[in-house]
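Examine the sequence and the structure before reading each solution.

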Amino acid sequence: MTVWGAWPAKEGFAYVSDESGRPQPWFQTWAGERRMFPVDGAVTRLAWRPDETRLLVVADVTGGQDYRLAELDPSTGELEWIAAEPGVRREIGVPYSSGSQPYSPDGRLLAYATSARDATCLDVYVRDLTTGASRMVLEGDDRYVPICFSPDSRHLLVLKFHQNTDQDLFACDLATGRTQHLTPHEGPAKYQPGGWTEDGIYLCTTEGRDFLGVALLVPGRPLQWIATPDADVENVIVGPQVVWALPQDQRTVLCTQQTTVELPGFASQPFGYDGFVPRFAGDRLLVQVGASDRATEYLLVDLASGESQQLTDFSRELPDDLVVPETVWFTGADGLEISGLLYRPRSTAGPVPAVLTVHGGPEWAALPVHDPLIQRLVRAGFAVLAPNVRGSTGRGLAYQRLIYRDWGGGDLADFEAAAWFLRSLDWVDGDRLGVHGMSYGGFAALSCLTRLPDYWGAGVVICGPADLEMDVRALPPTWSRRVVEWIGDVDDPEDLARLRAASPLTHAADIKAPLLLAHAVADTTVAINGTEQLYRTLTELGKTVRFIRLSRGHLPDDRDERDELDAAVVQWFRDFLKPHSNGARTATEYR
């Protein structure tokens with residue numbers, strides 16, 4: 001079971017869970033009573049009206065990421081769709097910020113972004129909740145998303161989201177229609193707001209530095225720095241106090257200017273994830289805390305005393321033999337220091353096979369939280385290494401940007417270094433290595449299998465780009481303005497040649513390892529065409545390959561389908577990385 005989000009109210013808190021089989025909104029009272037509200041599709045985000053009479057729901061009905069908005073009456077469970085035209089993407093902010101609040105403090109307005117006018121942009125609208133009328137307040141030339149209103153509800157803070165490493169903030173005057181650029185800067189910089197108070201706008205930013213620090217932004221004045229550690233601050237939470245979350249290995253420290261509180265696990269929020277955002281519930285913090293050997297649980301944390309009250313017990317559903325990873329470091333070919341999470345099976349009688357699993361994004365991170373697939377693999381006797389190679393978040397702006405316009409370049413050297421690291425462990429059988437990944441991680445796994453073919457005995461690729469040119473041309477329209485800087489320019493002959501040289505499909509004939517492919521038929525992020533072409537090519541070449549077609553969209557959101565896929569992945573590695581004497585199938589059985 002997966003849960004995310006922490007949206008507190010007077011009587012309890014709302015969150016998203018796939019306990020029913022698909023992500024749905026749930027409400028739990030402070031006394032522990034729980035209730036689910038059924039909504040069509042997969043729910044991704046929630047937000048309360050200030051008076052708590054309605055709960056905003058963001059739902060992906062088709063799996064195509066055309067997010068739709070509805071308001072839920074928590075007393076009756078009735079749902080009113082307020083922006084539900086098909087084929088249009090809508091956003092209400094960013095999931096990694098506790099400051100993302102689409103409702104105005106006076107409760108009159110709702111802000112959201114939409115691609116209705118131009119599929120390549122996101123415009124910002126404000127809806128009058130009394131009349132139901134909506135008006136555009138910012139016409140986008142890129143992706144713009146509303147973050148929150150000023151305390152007096154007269155201005156709207158908007159984030160221009162050009163890249164994951166390059167953003168800007170704007171303030172829209174709702175009375176005059178004027179827009180003020182708040183963060184003029186040169187070069188890439190992150191601006192991640194945490195809240196707008198009478199003092200100004202508190203945010204995490206890399207302005208003038210490599211790591212995310214905490215600062216106060218007052219329009220017209222220089223940034224006032226509050227915290228500048230030599231590590232990325234994950235988020236800043238604004239309420240009765242200003243709190244920031246600082247990861248330290250496999251735990252999180254909550255910091256204020258007066259005190260620190262260490263949490264029993266990981267509770268901060270890298271870019272791109274939908275959970276792990278602490279929010280104030282009165283004078284205490286409602287926090288999600290996860291660990292590799294237990295589920296994500298909800299806690300109320302008293303910052304003054306450091307004491308916490310656990311509100312949930314989802315871990316009771318998990319097996320009792322889960323493994324905690326070790327944080328490891330190894331050196332890439334160019335001297336780059338790379339970290340990873342290394343999971344060791346409990347029984348290591350003789351060298352064991354190992355699986356390299358690569359996170360998606362590529363600007364995500366392997367986190368020390370419960371991963372059902374990894375734990376299944378470890379239980380089945382595999383070591384697992386989840387590396388945070390170049391491009392991963394949490395290591396500063398420069399490290400994250402190393403992947404830009406270099407997919408299949410330096411990252412491939414990092415994967416080779418990861419394979420050599422596994423081979424260096426005396427308890428790992430270096431001749432029985434597998435590689436796995438989803439989305440960008442799928443591209444990474446295909447790159448390993450095609451361009452480093454002698455390292456791997458089996459591979460699994462889920463919704464991964466097989467051809468970079470095809471992927472660039474099929475990306476969601478709202479990503480089109482960032483793709484040249486991010487991946488490459490398919491209209492430039494030199495760039496196109498580079499992309500083709502780095503594409504796994506170009507090197508398909510070099511694959512030696514048995515390959516399991518899985519892809520969703522309605523994937524709008526990575527089109528299924530490339531996987532279908534790769535499967536046909538490998539079949540014609542007589543390679544060992546299996547293809548599983550998934551339903552819905554890019555990331556599996558049906559719990560049963562995800563469980564079936566995880567079981568198939570584990571079985572694939574069992575079949576081809578275990579000795580034949582243990583009942584492994586031969587490659588010919590899959591042809």
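A pocket is an open set of grid points with protein on both sides within 12 Å along at least five of seven lines, and its lining residues have an atom within 4 Å of a point. The model examined here is predicted.

**Exercise 1.** Determine which residues lie nearest the centre of the second largest pocket, and which strands supply its lining.

*Solution.* 
Step 1. The second largest pocket holds about 480 Å³ of space.
Step 2. Its lining consists of 24 residues, and those nearest the centre are P247, D249, S339, N388 and G394.
Step 3. At least two lining residues come from each of β22 (242-248), β29 (326-331) and β30 (337-343). The largest share, three residues, belongs to β30.
Step 4. Sorted by class, the lining of this pocket comprises 11 nonpolar, eight polar and five charged residues.

**Exercise 2.** Describe the lining of the largest pocket: how many residues form it, and which element gives the largest share?

*Solution.* 
Step 1. The space in the largest pocket amounts to about 850 Å³.
Step 2. In total, 31 residues line the largest pocket, with S98, Q101, V238, R279 and F280 nearest its centre.
Step 3. Two or more of these lining residues are given by each of β1 (3-8), β5 (42-48), β13 (144-149), β17 (191-197), β21 (235-238) and β25 (279-281). With four residues, β17 provides the largest share.
Step 4. The classes in the lining of the largest pocket are 17 nonpolar, 11 polar and three charged residues.

How values were computed: Residues numbered from 1 in each chain as written. Predicted model: local features only at pLDDT ≥ 70, side-chain atom pairs only at ≥ 80, totals over all residues. Heavy atoms only, no water. 1 Å grid on protein atoms, 1.4 Å probe; cavity = no way out; pocket = protein on both sides within 12 Å on 5 of 7 lines; lining within 4 Å. Points joined across faces, edges and corners; volume = space filled by probe spheres on them. Nonpolar A, V, L, I, M, F, W, Y, C, P; charged D, E, K, R; others polar.
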